[in-house]
Amino acid sequence: MTNPLLSVKNLSKSFGAVQAVENVDLDLSPNSIHAIIGPNGAGKTTLLSTLSGELLADKGSIVFQDTEISRLGFARRAQLGLARSFQITSVILPMSLLENVALAVQSVLGHSYRFWSAAMEDSTIKVSAMEALTLVGLDSRANLPASAVSHGEQRQLELAMALAMKPKCLLLDEPMAGMGVEESAKMVELLSSLKHSNAMLLIEHDMDAVFSLADKISVLVNGCIAASGEPAEIRNNPEVQKAYLGDGDLADA
Amino acid sequence: MTALFRSTAARIYAVLITLLLMAPFLVEWFNQPFYLDLLSRILILSIAAVSLNLIMGYGGMVSLGHAAYLGIGAYCVGIPAYYGIYGGWAQLGLTILCSAAFALLTGALSLRTKGVYFIMITMAFSQMVFFTFVSMEEYGGDDGLVIDLRSEFPGMLNLENGTTLYYTILFVLLLCMYLVHKVVNSRFGRVIVGTKYNERRMQALGFETYRYRLVCYIISGVMCGIAGFLLGNFTSFISPEMMDWTRSGELIFMIVMGGTATPFGPLLGATVFIFLEEWLSAITIYWHLIFGILLILLVLFAKGGLHGLISRIGSRND
């Protein structure tokens, strides 16, 4: 097995008396999709936030590309190539889709202490931003404000922004949340096409999507990893069925 | 530039700027020298409002302590003058240095807070400066300080001449408006504007928003400090009163009235504010009441302030 891109050991995070994430171990190999599933309140988003740096872990280590990053801030980790998307759509609503993605492009072009020439007239920025929008299929909507497009399109924009950062690892928090069947299918297709160039840690409730995309699945229950393995193993794990998938979801998947 | 003057709104602004450029002649023509003073004051406050608009309008950092920089700039003229130092470049350099240092120190702390806390802490810092100057007996304390000679720029400008001073102020204002326009459209400005709407997203993109905001805060502070430098020269009398928190509130009024996050909003707002103040206070001592009602009406019915109003009229005619 190749060296993991992202390696998490003993990661814990609590809020007061609530242990949201407890002793989580996780390895993400390059060019693979690792899905995290689990019931609501299992700590999936908290886990993702501790990885992205929005929250600092109480203990444990996070090694990304052989660098210990667990004490680095949110922005710093993003600069190193860990890009996250949000469960609740988080884009800059008054700006156009192109301007949104342009900000992401700007962030990989080095510092932004450039005070004079207009950012939106910079052809490097515009071309790369347009590429990212084309990739997710939003190129025809580029000049609309983000507030004017559909929820599904905003989800795609989220992904385009993450992609425009040219990340080494994508942390995706329910990219299909609130999407229709057709939009979800498109998103699954898109994510699987991106696998060659990006490693992904994926939180998702859509089991069809998870089982068709993931190379590895971990089940998070009450902040702990209850099981981890290939999709087939997880599907047949009685422990997992009892804890999370026992309601018949699994049989359909 | 031709594209700029295509819309009706742009033409209105072009006329406004032309009038400002011609003002000294018009004032002489109608023999109303008082109005040149009024205009000078308006333009100085416009510079202050333009600088506040950068952090408040474009950056979402609502500071209720911006008038402190007016005071700092004014005292950077007054205190050297008190010791007989009238060199304009030295005073200007001191102004830039002091306002940048004050912005760096107070910004570094204030920008760790958000919303109402930010408003309160910026106000607290400006009140600290206010009371510091009130307590400095040497420089007149509460009573203020008279500046006997304006800043000297030998061989370049003679600010003792009212018209020269007026054009200097106008030039600085136009320069500041142009600078802010360039900055908000630059990469730096995009980060500032993005952070106003969604700081978390900007951090997720890898921007250390705190540092960008701090730099923006310093730029704005220095710009307002320069407005204070001009104010000190203009009034030839400075007192702590000019940095009272109510002055900061007036700057916010002007911006909201004129149109937040618009290039001409601060100038429009300051112009209407001062003229209204001037006329209404001549009619009745209860002018604050009328003023308040007008402001409420404007906020309720003219979305985007005066700039919004002008743009709407403009787009109807185009």
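I start inside chain B: B:Arg213 and B:Glu199 are both buried, where buried means under 20% relative accessible area, exposed over 50%, and partly exposed in between, with a 1.4 Å probe and protein chains only. These two residues form a salt bridge, with the closest N and O atoms 3.9 Å apart. The term salt bridge stands for a side-chain nitrogen of Lys or Arg within 4 Å of a carboxyl oxygen of Asp or Glu. B:Arg213 belongs to helix 9 of chain B and B:Glu199 to helix 8 of chain B, so the pair ties together parts that are 14 residues apart in sequence. Helices are DSSP runs of H or I with at least four residues, strands are runs of E with at least two, and both are numbered from the N terminus.

Some ground rules. This is a predicted model, in which local features need pLDDT of at least 70 and side-chain atom pairs count only at pLDDT 80 or more, while totals for chains, interfaces and linings use all residues. Residues are numbered from 1 along each chain as its sequence is written, chains are lettered from A and ligands numbered from 1 in the order in which they are written, and side-chain values use heavy atoms, with hydrogens and water left out.

Now the interface. The contact, meaning heavy atoms within 4.5 Å, takes 34 residues from chain A and 27 residues from chain B. About 2,800 Å² is buried between the two chains, and carbon and sulfur atoms give 62% of that. Buried area here is the accessible area, with a 1.4 Å probe, that two parts lose on being put together, summed over both.

One joins the side chains of B:Arg190 and A:Glu99, at 2.8 Å from N to O.

On the side of chain B that touches chain A, helix 6 (162-185), helix 7 (187-197), helix 8 (199-204) and helix 9 (209-235) each supply at least two residues. Helix 7 gives the most, with seven residues.

A network of them links A:Glu54, A:Arg84, A:Asp173 and B:Arg200. In chain B, the side chains of B:Arg247 and B:Glu241 meet at 2.7 Å, N to O. B:Glu241 is partly exposed, at a relative accessible area of 41%, and B:Arg247 is partly exposed at 28%. B:Arg247 also forms a salt bridge with B:Glu250, with the closest N and O atoms 3.2 Å apart. B:Glu250 and B:Arg247 are three residues apart in helix 10 (residues 245-258) of chain B, so about one helical turn separates them.

Last, the backbone. A:Asn31 is not a glycine, yet has a positive phi of about 50°. A:Asn31 sits in the loop between strand 2 (18-28) and strand 3 (33-37) of chain A, and is partly exposed, with a relative accessible area of 44%. In chain B, B:Asn31 has a positive phi near 55°. Its loop lies between helix 1 (8-29) and helix 2 (33-58) of chain B, and B:Asn31 is exposed, with a relative accessible area of 62%.
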